[in-house]
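Dear colleague,

Please find below the structure that I am handing over to you, followed by an account of what was found in it. I would be grateful if you could read the two side by side.

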Amino acid sequence: MVLYKIEDFEPSYQDTFDGHDIKGLGVYTQATDEKIGTVSDVLVDEEGHFRYLVVDLGFWIFGKKVLLPLGRARIDYNVDRVYTIGLTREQAEDLPEFNERQTLDYDYEERVRGVYRQPTDYALPLEALAATDPLAPIDPLPTPVVPLDTKPTYARDSYTYENEPSLYGLNDQDHQTLKLYEERLIAGKKRQKTGEVTIGKRVETDTARVVVPVERERVVIERVTPADAGTAVSGREADFREGEVARIEIHEETADVRKEAFLREEVRVRKVVDQDTVETQETVRREELDVNSGNLPIEER
């Protein structure tokens, strides 16, 4: 059974005590009204139930801290005191010292419980008495006093705090300010990364075809017979010579193809948030008050 300091288990633990802080309250014996120490902390189990008060016995035994089961304490906020039920100096001396650096295991708690099981007026609950003696009658009479040599024994694997209500049980008389717990679901959201999108560019190649009309010059020589062919001409008109008579330049066009980059399109990247509703369910617990008054009339408000 794991135990936690109350502030580690519930930082707003003062709400459980109606805004009071139980730490620092003086601890007194109920019989002699003698101060024996101060509450330095409270230990709760994994379900938030109060189990022990950590008491600094500086007024009684210097420098020693011990555990006081909550069933053996009575909290009185009218005088800001905690009264111990049945704790003697001899018991306090026999209690194992509480050390925050040590693990509280079953063996350690059994040493604590063994001390508190020692008072001469030790009484066994009716249910526990029936478990030890199946023939014992169960009746609404006051809890019978059991001799010291009839102490109950418990198994390590099956022990629960409910086995000993005299040590850990709460009642309205001694624990009026302790409240019952109830669990509730707290809906929250947490942001987590589900992935990422990488956007890049790649270059693809293709074959583009273009048709370019071109012109090419050529020389055409035509021989024609003039209308006055055969007519005699004078010697001056007849120009007989050799060599180059005419020069004509020949041109042709060739395709001049080049590449040019241009903006084709724009790509805009953005994120959008889609709204959705997630429904979940969980089992929650709550504590209900069990009142055993026997035949006494009670009134609940």
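**Findings**

Glu253 counts as partly exposed because its relative accessibility is 39%; here buried means under 20% relative accessible area, exposed over 50% and partly exposed in between, with a 1.4 Å probe and protein chains only. Please note that this is a predicted model, in which local features need pLDDT of at least 70 and side-chain atom pairs count only at pLDDT 80 or more, while totals for chains, interfaces and linings use all residues. Residues are numbered from 1 along each chain as its sequence is written, and side-chain values use heavy atoms, with hydrogens and water left out.

**Overall architecture**

The chain contains five helices and seven strands. Helices (H or I, at least four residues) and strands (E, at least two) are DSSP runs, numbered from the N terminus. Along the sequence their pattern is β-α-β-β-β-β-β-β-α-α-α-α. Of the 301 residues, 26% count as buried. A contact means heavy atoms within 4.5 Å; among contacts between residues at least 6 apart in sequence, 62% join residues at least 24 apart. The chain exposes about 24700 Å², of which carbon and sulfur atoms supply 48%. Accessible areas come from the Shrake-Rupley method with a 1.4 Å probe, and for residues only the protein chains shown count as cover.

**Buried positions**

Which residues of helix H3 (residues 106-116) are buried? They are Tyr106, Tyr108, Glu109, Val112, Arg113, Val115 and Tyr116. An α-helix has 3.6 residues a turn, so residues three or four places apart point the same way. The cover over the buried residues of H3 includes strand E1 (3-5), strand E4 (50-56), strand E5 (65-69), helix H2 (89-94) and H5.

Asp41, in strand E3 (residues 35-45), is a charged residue that counts as buried because its relative accessibility is 7%. Leaving aside neighbours within four places in sequence, Asp41 is in contact with Lys5, Ile6, Lys23, Tyr52, Leu53 and Val54.

**Salt bridges**

A salt bridge is a side-chain nitrogen of Lys or Arg within 4 Å of a carboxyl oxygen of Asp or Glu. By this rule the count comes to 20.

Lys5, one of the contacts of Asp41, also forms a salt bridge with Glu100, with the closest N and O atoms 3.0 Å apart. This pair links distant parts of the chain, since Glu100 is in the loop between H2 and H3 while Lys5 is in strand E1, 95 residues apart. Both partners are partly exposed: Glu100 has a relative accessible area of 48%, and Lys5 has a relative accessibility of 27%.

Asp107 and Arg156 also meet through their side chains in a salt bridge (2.6 Å, N to O). Asp107 lies in helix H3 and Arg156 in the loop between helix H4 (126-132) and H5, so the pair ties together parts that are 49 residues apart in sequence. Asp107 is partly exposed at 38% relative accessibility, as is Arg156 at 49%.

A salt bridge also joins Arg268 and Glu266 (3.6 Å, N to O), and both of these residues are exposed.

**Surface patches**

Patches are made of residues with over 30% relative accessible area and no salt bridge: like charges are joined within 9 Å, and nonpolar side chains (Val, Leu, Ile, Met, Phe, Trp, Tyr) within 5 Å. Lys and Arg count as positive and Asp and Glu as negative, while His and the chain ends are not counted. The place of a charge is taken as NZ of Lys, CZ of Arg, CG of Asp or CD of Glu.

Glu253, in the segment after helix H5 (165-168), belongs to a surface patch of negative charge together with Glu215, Glu217 and Glu249. A nonpolar patch on the surface is formed by Val197, Ile199, Val267 and Val269, with about 450 Å² of accessible area together. Val269 also lies in the segment after H5 and is exposed, with a relative accessible area of 56%.

**Backbone angles**

Most residues other than glycine have a negative phi, and most peptide bonds are trans. Asp33 has a positive phi of about 55 degrees although it is not a glycine; Asp33 is in the loop between strand E2 (26-29) and E3. Asp80 likewise has a positive phi of about 55 degrees and is found in the loop between strand E6 (73-76) and strand E7 (81-84). Asp33 is partly exposed at 42% relative accessibility, and Asp80 is partly exposed with a relative accessible area of 42%.

Yours sincerely
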